[in-house]
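Please have the structure open as I go.

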Amino acid sequence: MKKVRICLLGAGRAGEVHGDAYKWSIPESEIVAIIDENKDNLDRLGKKYCIDNNLFTDLESALNTVSIDAVVITTPTFTHSEYVIRSANKGINVFCEKPMAITADDCDKMITACKDNDVILQIGFMRRFDKGFVHAKELIDNNVIGKPLIIKTNTRGPGLPGKWALDIKNSNGLLAEVNSHDFDTVRWLSESEFNIIHALADNFKSPDIGKEHKDFYDTAIVSGKMQNGVLFLIDGVCPCDYGYDARAEVIGSMGTMFIGQLYNGESITCTRENGIVAPQILSWRVRFKDAYIAEDRHFVECIKEDKQPRITGYDGKQTVIAAIESNKSIFSGEQIIINS
């Protein structure tokens, strides 16, 4: 295989981020097709990536027309299960953005389809490829701060997701769409599974949305315990207005560590009048640009070398379960025990 032939399924913001990575940063790959129901998005990315002919508005047409090695799925969450299974059944490797699906049962079907057809399934948790987070994991593994006791992590986004995501039935809400990364980070850094979950949420900033979608919330916190005893705290706000904010803190038995920062450290000014001023990070596409490239490169390597990715369907399923159980806690007001 000279180059891995990539089909982008979804031509929105996330699709473009992955498309840019494959087009300009991963020479072992080539974008051979793009699929999106939105003709404007489709035409725009087609021109950007110099693809004139293989632009499709549905998956089946692309699968029946173009020779494809891998599909990169960045469509709305409720479509993921169908697209992954249909692609796997055609023998095509799959990269699926988070959240993996709406239900754990859907996740199982996706995992089974990929296993039965002997294709790769990688889930898009780019924090595991970010240099800061990777270094932190190495320090934890080398016992630099001792045994992890508490893991605190947050994701706060500057703007709301697409309208489809405002209905919790289509998305599992903020905790899935925005904070899936945090659930995965807690699992990854603690090397354990969720045991106790208690969540609280409210709609503080979007009253108009609440009139149409009663279960919508824009602010949430989740606390609990992992099966190995590590305590955790997750918070999410979207929209947070001030920028894009993804950070973590790990408190260990011998020390603590801080991962990520709110400000863009490229330029910092200090004056008597204004004090110390640094520009904030405004976009996830900027904050994790290199991590997206690294995870896409990993996907291509896994295909070429016939190896399993670092982040599997099982990892995706566990974060879906965590989001579902957190929503149960929010709407029941009860603490949730996960025994599996």
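Let me start with the cluster into which ring pairs link Phe183, Phe194 and Phe232, where rings of Phe, Tyr and Trp (its six-membered ring) pair if their centres lie within 6.5 Å, planes under 30 degrees apart counting as stacked, over 60 as edge-to-face and the rest as tilted. This is a predicted model, in which local features need pLDDT of at least 70 and side-chain atom pairs count only at pLDDT 80 or more, while totals for chains, interfaces and linings use all residues. Residues are numbered from 1 along each chain as its sequence is written, and side-chain values use heavy atoms, with hydrogens and water left out.

The structure holds seven aromatic pairs. One of them joins phenylalanine 194 and phenylalanine 232 edge-to-face, at 5.2 Å centre to centre and with 75° between the planes. Because phenylalanine 194 lies in strand β8 and phenylalanine 232 in strand β10, this pair ties together parts that are 38 residues apart in sequence; strands here are DSSP runs (E, at least two residues), numbered from the N terminus. Phenylalanine 194 is buried at 4% relative accessibility, and phenylalanine 232 is buried at 3%, buried meaning under 20% relative accessible area with a 1.4 Å probe and protein chains only.

As for the cysteines, the structure holds zero disulfides, a disulfide being a pair of cysteine sulfur atoms within 2.5 Å. For cysteine 7, the nearest cysteine sulfur, that of cysteine 96, is 14 Å away.

Notes. Helices (H or I, at least four residues) and strands (E, at least two) are DSSP runs, numbered from the N terminus. Buried means under 20% relative accessible area, exposed over 50%, partly exposed in between (1.4 Å probe, protein chains only).
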